[in-house]
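This briefing covers a chain and its ligand, with points grouped by topic.

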Amino acid sequence: EEMDVDTIWKNGEFVDWEDATTHVLTHALHYGTGVFEGVRCYDTENGPAIFRWDEHLDRLFDSAKLYDLDIDHSREELTEATMDLLRRQDLESGYIRPIAYYGYHSLGVSPKDCPTDVAIAAWPWGTYLGEEALNEGVDVMVSSWRKHASSQIPTNVKTTGLYVNSMLAGEEARRNGYVEAIVLNKEGNVAEGPGENVFLVEDGEIYTTGRAQSILEGITRDTVITLARERGYTVHDEAVLSRGQLYTADELFFTGSAAEVTPIRSVDDTEIGAGTRGPVTEELQQAFFDLVERQTDEHDDWFTYL
Ligand code: PMP
């Protein structure tokens with residue numbers, strides 16, 4: 001399936017889709033030494049806008065710092081490139097994928113002297129887990145794979161190599177007839193989804209795991225915590241959640257730039273609450289979509305308008 005993309009920005013210039021290639025001896029291909037982002041552009045009431053671009057750029061540069069990758073382009077240049085990329089392709093909404101990685105020089109594990117390649121692509125993308133998923137919720141399984149601990153491979157930044165764990169967990173779930181996985185950490189407590197954070201609702205209070213549980217603290221997670229607190233909810237954002245608490249929760253949902261706010265209706269074939277989207281999930285999901293569609297004036301500083 002070819003993506004609906006004709007132009008990609010690479011190392012400072014726009015190139016045709018078929019020319020945006022890399023050498024097979026690229027360091028990152030062998031060792032997973034790339035860093036990337038997943039960002040959405042929404043077609044808002046006030047025109048197309050990139051959601052929380054500054055925070056995504058912060059995380060991209062933090063990821064690069066941790067791996068000593070020298071992104072030789074300023075934030076302004078990357079922002080201009082992204083806006084230009086969206087405009088050139090007439091994209092009013094879609095998904096944006098910036099990536100920086102060690103390119104080819106030599107194939108020692110040390111990336112010394114490898115160039116840093118930087119690219120940005122954008123394409124149209126609807127809901128990640130399907131329209132029905134947003135309304136009815138998804139069926140998930142607890143993966144038999146554990147999340148790597150943050151002492152083994154840093155989980156607070158977004159590295160390409162981390163996603164072999166996500167792929168194993170997600171594919172295990174899909175092979176078994178589920179839509180997505182929930183992954184436990186090394187201690188056996190809830191970590192996150194393969195590409196999502198996990199939220200739990202119990203007795204009207206909201207719980208989500210934090211960085212001490214070896215997760216990526218998502219930007220959507222932060223958005224939903226903020227929206228929930230503004231609506232008067234108590235949010236425990238460093239929660240330690242046992243596997244058992246998943247099954248007895250009143251409500252569960254995923255958050256992520258791709259997944260947005262997706263209810264979870266069952267875990268390992270056990271219905272969560274009434275087995276469909278719960279009321280708190282629905283309220284926060286509505287608040288999220290009102291926000292990103294700019295049906296409200298709140299948090300306008302989270303939007304970079306084209
Ligand atoms: N955890 C993991 C492992 C992820 O890949 C993602 C997606 N970036 C998230 C959480 C959610 O993060 P965000 O809301 O910033 O997309």
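Glu 271 lies in strand β16, which runs over residues 270–271. In this predicted model, Glu 271 is partly exposed, with 13 other C-beta atoms within 10 Å.

- Leaving aside neighbours within four places in sequence, Glu 271 is in contact with Arg 265 and Ser 266.
- Between Glu 271 and Asp 90 there are 42 Å in space, C-alpha to C-alpha, and 181 residues in sequence.
- Val 164 belongs to helix α5, residues 163–175.
- Val 164 is exposed, because the count of other C-beta atoms within 10 Å is 12, and a residue with 12 or fewer is classed as exposed.
- Val 164 and Gln 89 are 75 residues apart along the chain, and their C-alpha atoms are separated by 31 Å.

**His 27**

- Helix α1 (residues 27–31) contains His 27.
- His 27 has 26 other C-beta atoms within 10 Å and is therefore buried, the cut-off being 20 or more.
- Not counting residues up to four places away in sequence, His 27 touches Thr 33, Tyr 102, Gly 103, Tyr 104, Pro 111 and Cys 114.
- One of these contacts, Cys 114, is 87 residues from His 27 in sequence, while the C-alpha atoms of the two are 7.5 Å apart.

**Helix α2**

- Helix α2 covers residues 53–66 and has 14 residues, which should span 20 Å at 1.5 Å a residue; the end C-alpha atoms are 20 Å apart, so the two values agree.
- The buried residues in α2 are Trp 53, His 56, Arg 59, Leu 60 and Ser 63.
- These residues cover an arc of only 125 degrees around the axis, so they sit on the same side of α2.
- After α2 comes Asp 68, with a positive phi near 60 degrees.

**Helix α8**

- Helix α8 (residues 279–292) is made of 14 residues and reaches 20 Å from its first C-alpha to its last, close to the 20 Å expected at 1.5 Å a residue.
- Val 280, Thr 281, Leu 284, Gln 285, Ala 287, Leu 291 and Val 292 are the buried residues of α8.
- Seen down the axis of α8, the buried residues fall within an arc of 160 degrees, so they line one face of the helix.
- The elements covering the buried residues of α8 include strands β4 (39–44), β5 (47–51), β11 (197–202), β14 and β15 (260–267), along with helix α6.
- Arg 294 follows α8 and has a positive phi, near 60 degrees.

**Ligand shell**

- There are 14 residues around the ligand, and Gly 218, Ile 219, Thr 220, Gly 256 and Ser 257 come nearest.
- Both α6 (219–230) and β14 (251–256) supply at least two residues of the shell.
- The largest share, three residues, is that of α6.
- By type, the shell has eight polar, four charged and two nonpolar residues.

**Confidence**

- The average pLDDT of the chain is 96, and 99% of the residues score at least 70.
- Confidence is highest in strand β12 (residues 205–208), at 99, and lowest in helix α4 (residues 131–136), at a mean of 93.
- For the complex, the predictor gives an ipTM of 0.99 and a pTM of 0.97.

Definitions and conventions: Residues are numbered from 1 along each chain as its sequence is written. This is a predicted model: local features need pLDDT of at least 70, side-chain atom pairs count only at pLDDT 80 or more; totals for chains, interfaces and linings use all residues. A residue is near a molecule or strand if its C-beta atom, placed from the backbone, lies within 6 Å of it. Helices (H or I, at least four residues) and strands (E, at least two) are DSSP runs, numbered from the N terminus. Ala, Val, Leu, Ile, Met, Phe, Trp, Tyr, Cys and Pro count as nonpolar, Asp, Glu, Lys and Arg as charged, and the others, Gly among them, as polar. pLDDT is the predictor's confidence in each residue, from 0 to 100. The expected span of a helix is 1.5 Å times one less than its number of residues. The arc is that of the directions from the helix axis to the C-beta atoms. Two residues are in contact if their C-beta atoms, placed from the backbone, lie within 7 Å.
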